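Trainee: I am new to this one. Can we go through its contacts step by step?

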Amino acid sequence: MPGRARILLWSAVIALLILLPPVAEALKQTFYIDLLRRVMIFAIAAASLNLILGYGGMISFGHAAYLGIGAYAVGILAFHGVDSGWMQWGTAIAASAVVAAVIGAVSIRTSGIYFIMITLAFTQMLYYLGMSLEVYGRDDGMRIKTHSQFWGLIDLADPVSFYYLVLALMLASLYLVHRLANSRFGMVLRAAKSNEARSRAIGFSPYLYRLAAFVIAGALCGLAGALLANHTAYISPDFMHWTRSGEIMFMVILGGIATTAGPLFGAFTLLVLETLLAGWTEHWQVYLGPLLILSVIFFRRGLAGILPGARDA
Amino acid sequence: MSGALLEARGLRKSFGALRASDGIDFDVLEGETHAVIGPNGAGKTTFISQLSGDLRPDAGSIRFSGEDVTALRAPARSRMGFARSFQITSIYREFTALENVALAVQAHAGHSFRFWKPARSERALRDPARAILDEVGLGARAEVIAANLAHGEQRQLEVAMALATKPRLLLLDEPVAGMGNDETQRMVTFLASLKGRQTIILVEHDMDAVFSLADRISVLVYGRIIATGSPQEIRVNAEVRRAYLGEDA
């Protein structure tokens with residue numbers, strides 16, 4: 001059984017992530033705290049996409065929409081003087097869920113290429129909406145002057161406190177998706193992905209289950225958006241650009257679709273590679289592309305597929 | 001055998017100029033095994049797909065247990081007691097045999113908006129699934145990924161999934177297609193063991209299987225039923241011999 005390997009793997013991952021801030025501070029390399037925090041925020045976004053793409057077979061090419069909605073919810077409320085993190089994050093999650101419900105209700109009736117195009121089209125609409133919001137900086141975006149406030153319980157302006165909060169939320173998100181995927185609910189999603197005709201013949205109507213998964217994924221990605229706004233202290237329509245959707249999708253695939261740890265591995269690898277290559281050459285994208293293609297060819301089940309303990313179903 | 005469990009009246013379905021169902025009247029009595037035979041391209045799968053709700057007829061009606069189900073789609077008919085196997089094996093290939101059947105049990109165990117408890121360890125799903133696998137003779141193969149089962153075992157698994165929904169009417173579309181002799185014999189023996197307690201519509205090419213299992217046989221040719229009767233009656237029916245049996249035998 002993969003039980004022991006899995007415990008070992010997760011213990012190592014969690015220990016490394018906990019130890020990173022003190023080590024980075026001791027070595028005066030606080031940049032890495034920032035980088036890993038970003039990685040973990042994107043791991044949440046990727047985990048949410050993994051629920052619908054990996055387990056549900058719904059290839060949403062517009063997942064950055066919820067990242068943007070979550071970030072704009074924080075930015076807009078902060079702009080109007082609402083600093084309460086409870087309000088901001090609650091709004092981020094709720095607004096993302098509502099938009100996901102609308103997009104999902106339309107798109108889930110389709111499949112294949114139509115599904116991809118509809119989810120992309122909706123996100124482009126939101127992107128252009130962001131580009132046209134005069135008050136909130138249009139295409140320039142805008143700075144967020146104060147971090148989300150949580151009654152003084154935690155200070156997000158402190159990079160290390162914020163890091164540990166993100167770590168906790170990321171682990172909770174990965175665990176949440178893991179539980180969902182293995183529940184009765186998740187089995188319906190996975191079964192419908194595997195063979196929809198069979199599902200219908202034994203009495204499942206997949207639509208509502210898919211829609212529910214779509215809304216949960218949107219809400220979770222909205223949380224990632226709220227975190228991202230605090231991380232960058234800045235919002236811009238670029239958060240919703242289609243290349244961002246593609247990046248999140250790539251994290252899922254690279255990490256290993258329909259695996260618990262995949263989104264974290266994918267986000268880590270993509271963002272760290274990006275950073276390393278960008279420090280080495282300004283044409284880093286030229287090198288990143290082929291690397292990614294090779295990795296998909298050789299690790300067909302993603303990075304989680306080559307690590308014992310991460311290869312869960 | 002009491003009254004008709006299923007009554008189809010005037011079913012019509014065309015694909016372009018092709019009349020796949022051309023006014024089919026068809027009854028299934030409670031408890032009987034009713035076979036549907038016919039040459040290739042006679043419209044057998046089109047017919048059974050209208051009964052299961054996978055295809056919507058252009059005209060005609062289907063009543064099940066006295067209720068009009070013509071407008072209901074496949075999932076709703078499944079919940080009323082229809083279950084179907086497909087001509088081309090349709091199972092969840094990435095899941096184990098046990099998980100396949102457990103999913104069929106789950107589909108009929110209330111709604112599935114249960115988000116937390118791992119479904120694989122739920123005894124309410126596993127135990128009945130295991131019992132059905134034992135019944136069809138796949139008990140020892142429960143933990144094998146369905147894609148790795150032999151062809152005959154996959155067909156058995158599909159029947160097991162259908163049975164797991166506790167159907168009142170079992171629609172079997174060529175259950176022994178592509179099977180070897182031994183596998184066919186096992187399947188026929190198993191289906192024979194269901195006789196009397198399970199109402200079955202059996203679409204099948206294998207005449208030995210049909211004549212040993214069926215209580216009644218309907219012959220479908222070019223979208224029309226040209227004869228219905230006991231195996232003996234069908235065997236001696238001149239029109240049937242001309243249209244069908246003569247070609248094959």
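Trainee: How many salt bridges does the rule find across the interface of chain B and chain A?

Mentor: A salt bridge is a side-chain nitrogen of Lys or Arg within 4 Å of a carboxyl oxygen of Asp or Glu. Across the interface of chain B and chain A, the rule finds 2 salt bridges. One pairing is B:Glu158 with A:Arg198, at 2.7 Å from N to O. Keep in mind that this is a predicted model, where local features need pLDDT of at least 70, side-chain atom pairs count only at pLDDT 80 or more, and totals for chains, interfaces and linings use all residues. Residues are numbered from 1 along each chain as its sequence is written, chains are lettered from A and ligands numbered from 1 in the order in which they are written, and side-chain values use heavy atoms, with hydrogens and water left out.

Trainee: How many residue pairs are in polar contact across that interface?

Mentor: A polar contact is a pair of N or O atoms within 3.5 Å; within protein, one must be able to donate a hydrogen and the other to accept it, and residues adjacent in sequence count only if both atoms are side-chain atoms. Between chain B and chain A there are 24 such residue pairs, both at pLDDT 80 or more.

Trainee: What area is buried between chain B and chain A?

Mentor: Buried area is the accessible area (1.4 Å probe) that two parts lose on being put together, summed over both. Here it is about 2,900 Å², with 58% from carbon and sulfur atoms. In chain B, the residues that lose the most area to chain A are B:Tyr92, B:Phe115 and B:Trp116, together 23% of what that side buries. Contact means heavy atoms within 4.5 Å. The contact takes 37 residues from chain B and 28 from chain A.

Trainee: Which domains does the assignment give chain B?

Mentor: Domain bounds come from an automatic or database domain assignment. Chain B has domain 1 (1-81 + 168-249) and domain 2 (91-166). Their C-alpha centres lie 26 Å apart.

Trainee: How many residues of each domain are in contact?

Mentor: In chain B, 17 residues of domain 1 are in contact with 12 residues of domain 2. The area buried between these domains is about 1,100 Å², and carbon and sulfur atoms give 61% of it. On the domain 1 side, B:Leu170, B:Met187 and B:Phe190 lose the most area to domain 2, together 34% of what that side buries.

Trainee: What is the count of salt bridges between the two domains of chain B?

Mentor: The count is 1 salt bridge. The side chains of B:Arg197 and B:Glu135 meet in a salt bridge at 3.6 Å, N to O. The domains of chain B also have 6 residue pairs in polar contact, both at pLDDT 80 or more.
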